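Work through the following exercises with the sequence and the 3D model open beside you.

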Amino acid sequence: MQRTLVLLKPDCVQRRLMGRIIARFEDKGFNIIAMRMIQVTPELAKQHYAEHVEKPFYPGLEAFITGAPVVAMIVEGLNAISVVRNMLGKTNGLEADAGTIRGDFSSSRQMNLVHASDGEEAANREIDLYFAADQICSYEPVATPWMRASDE
Ligand code: CMP
């Protein structure tokens, strides 16, 4: 079982796509075990995107990610980190395959609607950035026995 940090970015909130995108993760069988809407500050943006702070596109990225609220959530499930990344599609919506979230809804490199952690280390770091331990609600959905075999 893995946990990954997913952010519905400001373009997702402003375009009223939150419900449709959350539904993709629920439809897949993942559990959403934490969720909150927040206004990202420049300080949080720099922590979240630490690896990009020195890149030429960072000022635009910071203006974008702080420009409207985001929804942060923790998505849990088997192989959640790589499966969620695949569900998002390539970074640039123009290059993302049809059927992926970005392929279906985004035509931009920056405004690509959703962020998801790219590995275990990033997931742990990003979950700690957005959630305190007492904001995480672990639970077993009643549908689990009908989602996969017990030895999977
Ligand atoms: P994300 O998956 O959140 O990780 C870093 C973000 O930076 C990425 O999605 C894009 O929104 C943005 N990004 C990556 N590369 C570029 C780029 N070359 N120009 C502008 N924004 C970018």
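The exercises below concern a predicted model, and they go from the ligand to the pockets.

**Exercise 1.** Find polar atoms of the protein that lie close enough to oxygen atoms of the ligand to count as polar contacts, using a limit of 3.5 Å, and then state how much of the ligand the protein buries.

*Solution.* Start with Q110, where a polar backbone atom is 3.0 Å from an oxygen atom of the ligand. Continue with N112, which instead uses its side chain, an N or O atom of which is 3.2 Å from a ligand oxygen. Then turn to R102, whose polar side-chain atom lies 3.4 Å from an oxygen atom of the ligand. Finally, consider the surface: taken alone, the ligand exposes 460 Å², and the protein buries 83% of that area.

**Exercise 2.** Locate the pocket in which the ligand sits, and describe its lining.

*Solution.* The ligand sits in the largest pocket, which holds about 500 Å³ of space. Its lining comprises 18 residues, and those nearest the centre of the pocket are Y49, H52, F57, T91 and N112. Looking at secondary structure, one finds that strand 4 (114-116) and helix 7 (120-130) each supply at least two of the lining residues. Sorted by class, the lining of this pocket has 5 nonpolar, 6 polar and 7 charged residues.

**Exercise 3.** Describe the second largest pocket by its volume, its lining residues and their classes.

*Solution.* First take the volume, which is about 210 Å³ for the second largest pocket. Then list the lining, which is made up of K28, G29, F30, G77, L78, V83, M147, R148 and E152. Lastly, divide these residues by class, which gives 4 nonpolar, 2 polar and 3 charged.

Definitions and conventions. Residues numbered from 1 in each chain as written. Predicted model: local features only at pLDDT ≥ 70, side-chain atom pairs only at ≥ 80, totals over all residues. Heavy atoms only, no water. Polar contact = N/O pair within 3.5 Å; in protein donor to acceptor, adjacent residues only side chain to side chain. Areas by Shrake-Rupley, 256 points an atom, 1.4 Å probe, with all protein chains shown as cover. 1 Å grid on protein atoms, 1.4 Å probe; cavity = no way out; pocket = protein on both sides within 12 Å on 5 of 7 lines; lining within 4 Å. Sits in = over half its atoms within 2 Å of the grid points. Points joined across faces, edges and corners; volume = space filled by probe spheres on them. Helix = DSSP H or I, 4+ residues; strand = E, 2+ residues; numbered from the N terminus. Nonpolar A, V, L, I, M, F, W, Y, C, P; charged D, E, K, R; others polar.
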